[in-house]
Amino acid sequence: MKDSIHSTSGTVKFRLKDIKSKKETPIVFDYSFGRGNRLKYSTGYKTFVKNWDSSNQRIRAISTINNREEVNNKLKEIELNFIKSVSNLDELDRTNKKVLKSIYDNILGRHTQKTQEKITFFQYAENFTDSFEKNLITTNGIKLNPTTVRAYKQAIKHLKEFNKTKNYGLDFDKFDMDFYYAFISYLENKKFSINTIGKHIKNLIALLNRATEDGVNHNLKFKHRGFKRISEKSTSIYLTATEIEAIYELDLKSSPEWEKARDIFLIGYYTGQRVSDYNGMKKNQIKNFDGSDVFEINQRKTNKTVYIPIHPRIKEIMKTRYNNDLPPKMSEQVINKLLKLIGRKTKINELVLTKITKGGLVDEKMIPKYKLIGTHTARRSFCTNAYLSKMPVIDIMALSGHTTEREFYNYIKVTPQERAVKIADSAFFNN
């Protein structure tokens, strides 16, 4: 065996608590992750220093140690189960010490039965969402926005309907692969799309992770690799620089609501932000550094502060229509509806093939591009057009909030032909 076991998030080792001890000393589970983060827990086993093989992290093969194989097998079981469970966590939970401690306790069977009345899954889930709605709790230092809370409540609603329809007796102990397949089948029969089903699964996993962290749930079968969000690549578009130009130049003076929706969308495009960050921006977010005006934006999803240069067209929008201020916040539902009308008026009529799976059946059809325009199109269009304009990817990601290049390249909408043209213009092909 090698010195350590490497997972996607950390390193597991077994050490002796006191390598100078003359007596038996505890064997310690040691997990290091991230920068300077470590967890150390007792395994419940002890041994003499002379009997410990530090390179293999196991009891030495000494004939007088009767339970050597039992202890070594248990250590192997601990590390394999721990790594498997951690690898199935989302990125935030992989660095959450409470979650990691709960996983370790579950593996060692250390959870004790509490004397107080048992909290059911539905009680916990409803208390959780109610607390967020009342702003009583935060997760990882970030308050959930109302849209996320509504998504959780929708998942809970469908779980309740499933439980009632199937008489499933759903509680924490029932979340396993049998439930997983039964719930997906139930939602498919209701003609939900794969991505909608996937969102409900994702929100269920988030609730179960939080319940595990809080010590309410001790069933980790939902961490099975197969118990995961399902999805299919949705049809998403970006608007070309020419199409953005046409939307900017469109005369909407006679339709103030259309004009405001268009302006908010353009602010999203020229900042590269998510709608939760660009809809409803305030003038006090404008800062000046070394003579340059920038927006200071605390991204809600990432909780990171970014600084975005203010595009001349945003300044023009502020000056000509909002008295040097920014447009007031508008309902996202209304913006999405108006953007499609604006797209039609701008004659963004290119036909786009869409595919969506509902109830196990694939529905394909060609629809005009304007019908796919939404608030999310602003950020995707910024990222794609900035990439095609040869802005360095690292700079685009710094503004958009993408954390990996792989995520970024999956997000932008660049055809192989467009990428080839961009590459052809590089220094390599021009020397």
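This is a predicted model: local features need pLDDT of at least 70, side-chain atom pairs count only at pLDDT 80 or more; totals for chains, interfaces and linings use all residues.
Visitor: Is strand β3 largely enclosed or open, and how many of its nine residues are buried?
Guide: Strand β3 covers residues 25-33. It is largely enclosed by the rest of the structure, because the buried ones among its nine residues number seven.

Visitor: Which residue in β3 is the bridge partner of Phe 14?
Guide: Strand β2, residues 10-16, pairs with β3 in the antiparallel sense over seven bridges. Within β3, the partner of Phe 14 is Phe 29.

Visitor: How many bridges join β3 to β4?
Guide: These two strands run antiparallel. As an example of residues facing each other, Tyr 31 stands opposite Leu 39 in β4. The number of bridges joining β3 to β4 is eight.

Visitor: Is Thr 43 buried or exposed, and what is its relative accessible area?
Guide: Thr 43 lies in strand β4, which spans residues 37-47. A residue counts as buried under 20% relative accessible area. Thr 43 is therefore buried, with a value of 6%.

Visitor: Which residue's backbone oxygen does the side chain of Thr 43 reach?
Guide: That side chain reaches the backbone nitrogen of Tyr 45 at 3.3 Å. The backbone oxygen, reached at 2.8 Å, belongs to Ile 27.

Visitor: What accessible area do Leu 351, Leu 353 and Met 366 have together?
Guide: Leu 351 is in strand β10, residues 351-358. Exposed means over 50% relative accessible area, so Leu 351 counts as exposed at 52%. Leu 351, Leu 353 and Met 366 form a nonpolar patch on the surface, and their accessible area together is about 290 Å².

Terms used: Residues are numbered from 1 along each chain as its sequence is written. Side-chain values use heavy atoms; hydrogens and water are left out. Helices (H or I, at least four residues) and strands (E, at least two) are DSSP runs, numbered from the N terminus. Buried means under 20% relative accessible area, exposed over 50%, partly exposed in between (1.4 Å probe, protein chains only). A polar contact is a pair of N or O atoms within 3.5 Å; within protein, one must be able to donate a hydrogen and the other to accept it, and residues adjacent in sequence count only if both atoms are side-chain atoms. Patches are made of residues with over 30% relative accessible area and no salt bridge: like charges are joined within 9 Å, nonpolar side chains (Val, Leu, Ile, Met, Phe, Trp, Tyr) within 5 Å. Accessible areas come from the Shrake-Rupley method with a 1.4 Å probe; for residues, only the protein chains shown count as cover. A salt bridge is a side-chain nitrogen of Lys or Arg within 4 Å of a carboxyl oxygen of Asp or Glu. Two strands pair if DSSP finds at least two bridges between them.
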